[in-house]
Amino acid sequence: TAVVTPYVVRRYAEAVVEKDRIIVKGLAGLMEQFLGQAHMLNRHLSMHPDVIRNLQESSPDLLERGRIYSEKYNVNIPCGEGSGFPLFVELQQRYNFVELLYLQDDKGDQTARSHHQLGPRGKRWYFRRIMEDPLHRPFITRSYYSITSEEPTASIIHPVEHEGRLIGVMGSDI
C-alpha cells in the first residue's frame, strides 16, 4: 500500500491535469471564436454607411441632439422596437451576446445607441485611448462588471473614419 498509493495518486493527478488542459484548450478556442465574431460585428458597423451618415448628420450640440433623439426613440425602454438607432436595435436583438451598441462623435458625445439616452463619454478612458493613439487602433477592453446587465462585460472599440479622417468611435458592450 505504501508503495502503490503514491503511484496511484500521481497518475490520478496527471490525468486530472491532462483533462483540465483539454477543457481549457477547448474553452480558449470557443472564446477566440466568440471574440472574433463580436470584433468583426463592431468593425463592420464602424464602416457602415448608416453609421457614418448618423455622425455627419447629428446636431453638434449634445443637448439638442439628445432632445431630438428622445423624441424619435423611446429611450426609457430596454432594447426593442423603437428603443434606439434601428440598425443597432436590429443587431443587438439578432446577437444575444451584445449588451449595448453605441456611437460617439470625435468629441466623445454619443450620437446613437441601441437603447437608453445619449450621453457625454469624452472623458471615458477607452475614448481617450483610441483618440490619443496616432493609429487609432481598435481594441477589446478587459472585462468589468456592468451595472446595466449585472454581468461581466467587455467593450469592443473601433474608430469610425470617413475619407481618411477620424470622425467618431463605434462601441459594442458584450
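This passage describes selected local features of a predicted model. Local features need pLDDT of at least 70, side-chain atom pairs count only at pLDDT 80 or more, and totals for chains, interfaces and linings use all residues. Residues are numbered from 1 along each chain as its sequence is written, and side-chain values use heavy atoms, with hydrogens and water left out.

Aromatic pairs were examined across the model. The whole structure holds seven of them. Rings of Phe, Tyr and Trp (its six-membered ring) pair if their centres lie within 6.5 Å; planes under 30 degrees apart count as stacked, over 60 as edge-to-face and the rest as tilted. Phe85 and Phe88 form an edge-to-face pair, with ring centres 4.9 Å apart and planes at 80°. Both Phe85 and Phe88 are buried. Buried means under 20% relative accessible area, exposed over 50%, and partly exposed in between (1.4 Å probe, protein chains only).

Trp125 and Phe139 make a tilted pair. Their ring centres are 5.9 Å apart and their planes meet at 35°. Trp125 belongs to helix α5 and Phe139 to strand β3, so the pair ties together parts that are 14 residues apart in sequence. Helices (H or I, at least four residues) and strands (E, at least two) are DSSP runs, numbered from the N terminus. Trp125 is partly exposed at 45% relative accessibility, whereas Phe139 is buried at 6%. Ring pairs link Trp125 and Phe139 with Tyr102 and Tyr126 into a cluster. Arg129 sits over the face of Phe139, 3.9 Å from the ring centre. Such a placement requires NZ of Lys or CZ of Arg within 6 Å of the ring centre and within 35 degrees of the ring normal.

Asn42 lies in helix α1 (residues 4-47). Asn42 is buried, with a relative accessible area of 0%. Its side chain joins that of Ser172 through a polar contact of 2.6 Å. A polar contact is a pair of N or O atoms within 3.5 Å; within protein, one must be able to donate a hydrogen and the other to accept it, and residues adjacent in sequence count only if both atoms are side-chain atoms. Beyond its neighbours within four places in sequence, Asn42 is in contact (heavy atoms within 4.5 Å) with residues including Ile156, His158 and Met170.

Backbone angles were also considered. Most residues other than glycine have a negative phi. His136, not a glycine, has a positive phi of about 50°. His136 is in the loop between α5 (125-132) and β3 (139-140), and is buried at 17% relative accessible area. Glu163, also not a glycine, has a positive phi of about 55°. Glu163 lies in the loop between β6 (155-162) and β7 (165-173). Glu163 is exposed, at 76% relative accessible area.
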